[in-house]
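Biologist: I would like to learn how to read a model like this one. Could you take me through it feature by feature?

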Amino acid sequence: MSEEKTTWHPGEIVPSSGIYECDCGGGHHWSTDVKGHRFPPFPAGCPGEYWRLQTQAHPEESLG
């Protein structure tokens, strides 16, 4: 599938365990999330809109 989702909003279900980065561009907001849990809200003052997978916890698993 060429339309695989690559970003998620706070409150959406985490598709794959790993370390996620917010899109604010500051490179300073990271979240370690577990598959099946919900993405957390962004920290106060963060202008981010979505989370993007930075490092997958189990590379042998595929998203989705």
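Modeller: Let us start with a strand pair: β1 and strand β4 (residues 51-56) run antiparallel to each other, joined over 2 bridges. Within this pair, Trp8 has Trp51 in β4 as its bridge partner. This is a predicted model, in which local features need pLDDT of at least 70 and side-chain atom pairs count only at pLDDT 80 or more, while totals for chains, interfaces and linings use all residues. Residues are numbered from 1 along each chain as its sequence is written, and side-chain values use heavy atoms, with hydrogens and water left out.

Biologist: What counts as a strand, and what as a pair of strands?

Modeller: Strands are DSSP runs of E with at least two residues, numbered from the N terminus, and two of them pair if DSSP finds at least two bridges between them. In general, strands of a sheet pair through backbone hydrogen bonds, either parallel or antiparallel. Here 4 strands make an open sheet with antiparallel pairing, in the order β1-β4-β2-β3. β1 (7-8) and β3 (30-33) are at the edges with a single partner strand each, so one side of each has no neighbour in the sheet.

Biologist: How many bridges join β2 and β3?

Modeller: Strand β2 (residues 18-22) pairs with β3 in the antiparallel sense over 4 bridges. Across that pair, Ile19 stands opposite Thr32 in β3.

Biologist: Which residues make up the largest nonpolar core?

Modeller: In soluble globular proteins, nonpolar side chains tend to be buried together. The largest core here has 8 residues: Trp8, Val14, Tyr20, Cys22, Phe39, Phe42, Cys46 and Trp51. Such a core is a set of buried Ala, Val, Leu, Ile, Met, Phe, Trp, Tyr and Cys residues joined through side-chain atoms within 4.5 Å.

Biologist: How many aromatic pairs does the structure hold?

Modeller: There are 4 aromatic pairs. Rings of Phe, Tyr and Trp (its six-membered ring) pair if their centres lie within 6.5 Å; planes under 30 degrees apart count as stacked, over 60 as edge-to-face and the rest as tilted. Trp8 and Phe39 have ring centres 6.0 Å apart and planes at 20 degrees, so they are stacked. Trp8 lies in strand β1 and Phe39 in the loop between β3 and β4, so this pair ties together parts 31 residues apart in sequence. Tyr20 and Phe39 have ring centres 4.8 Å apart and planes at 80 degrees, so they are edge-to-face. Trp8, Tyr20 and Phe39 form one aromatic cluster.

Biologist: And how many salt bridges are there?

Modeller: The structure holds 1 salt bridge, formed by Glu12 and Lys5, whose closest N and O atoms are 2.6 Å apart. The term requires a side-chain nitrogen of Lys or Arg within 4 Å of a carboxyl oxygen of Asp or Glu. Glu12 is partly exposed at 24% relative accessibility, and Lys5 is partly exposed at 40%.

Key. Buried means under 20% relative accessible area, exposed over 50%, partly exposed in between (1.4 Å probe, protein chains only).
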